[in-house]
Amino acid sequence: RLTNSKASAQLNCHIKQLEEKDTENTSRLCVLNSEVDTLKSQFNNVKNLLEEAESAKTSLQEKIEFIKKESLETVKRMENNLSDTVKIKNEEIEKERLASAKEIAQLICDINVIEEKDAKNKSQILSLTS
């Protein structure tokens, strides 16, 4: 009986040690589970930040493409406007040149008429004086 009692006491002592160890392990497991939850939360936060960054990047790329397209269209419009303006100015200059040429031709005709009249007048004066 004494041996059984001693063995029983040793078993109870061992059981108590195992229960303490189990409690300690359960406590550690709770801490580890808490740390896992924290890491999961941090991971999800980082994942969300990456998704937001990717979305912002895509949005910026779309805006850049839009601005490039608008800029190219604006440059084309400016080139067309400049080309039209140059064409109009060239036409105006050509009209002014033609008008000046006509004026010059008219002045030459007028000078010729005056010279002819002057020559006739000189001829008449000479015939009258001789």
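**Figure 1. Glutamate 92 is partly exposed, with a relative accessible area of 36%.** Partly exposed denotes the range between buried (under 20% relative accessible area) and exposed (over 50%), with a 1.4 Å probe and protein chains only. The model is predicted: local features need pLDDT of at least 70, side-chain atom pairs count only at pLDDT 80 or more, and totals for chains, interfaces and linings use all residues. Residues are numbered from 1 along each chain as its sequence is written, and side-chain values use heavy atoms, with hydrogens and water left out. Glutamate 92 pairs with lysine 89 in a salt bridge, where the closest N and O atoms are 3.6 Å apart. A salt bridge here is a side-chain nitrogen of Lys or Arg within 4 Å of a carboxyl oxygen of Asp or Glu. Because glutamate 92 and lysine 89 are three residues apart in helix H1, about one helical turn separates them.

**Figure 2. Arginine 97 and glutamate 94 form a salt bridge.** The closest N and O atoms of this pair are 2.7 Å apart. Arginine 97 has 48% relative accessibility and counts as partly exposed; glutamate 94, at 35%, counts as partly exposed too. The two residues are three apart in helix H1, so they are separated by about one helical turn.

**Figure 3. Glutamate 65 and lysine 68 form a salt bridge.** In this pair the closest N and O atoms are 3.7 Å apart. Glutamate 65 is partly exposed, with a relative accessible area of 47%, and lysine 68 is partly exposed with 47%. Helix H1 covers residues 2-129, and because glutamate 65 and lysine 68 are three residues apart in it, about one helical turn lies between them. Side chains of opposite charge can pair when their charged atoms come close. The structure holds five salt bridges, including the one between glutamate 65 and lysine 68.

**Figure 4. Lysine 16 lies in helix H1.** At 52% relative accessibility, lysine 16 counts as exposed. Between the C-alpha atoms of lysine 16 and glutamine 106 the separation is 133 Å, the two residues being 90 apart along the chain.

**Figure 5. The protein chain has one helix and zero strands.** Helices (H or I, at least four residues) and strands (E, at least two) are DSSP runs, numbered from the N terminus. The C-alpha trace spans about 185 × 15 × 10 Å along its principal axes. The radius of gyration of the chain is 55 Å, whereas a compact globule of 130 residues would have one near 14 Å; the radius is taken over C-alpha atoms, and the globule rule is 2.2 Å times the number of residues to the power 0.38. Of the 130 residues, 0% count as buried.

**Figure 6. The protein chain exposes about 12,300 Å².** Carbon and sulfur atoms supply 59% of this area, which comes from the Shrake-Rupley method with a 1.4 Å probe. The chain carries 21 positive and 24 negative side chains, and the centres of the two sets lie 6 Å apart. Lys and Arg count as positive and Asp and Glu as negative, while His and the chain ends are not counted. The place of a charge is taken as NZ of Lys, CZ of Arg, CG of Asp or CD of Glu.
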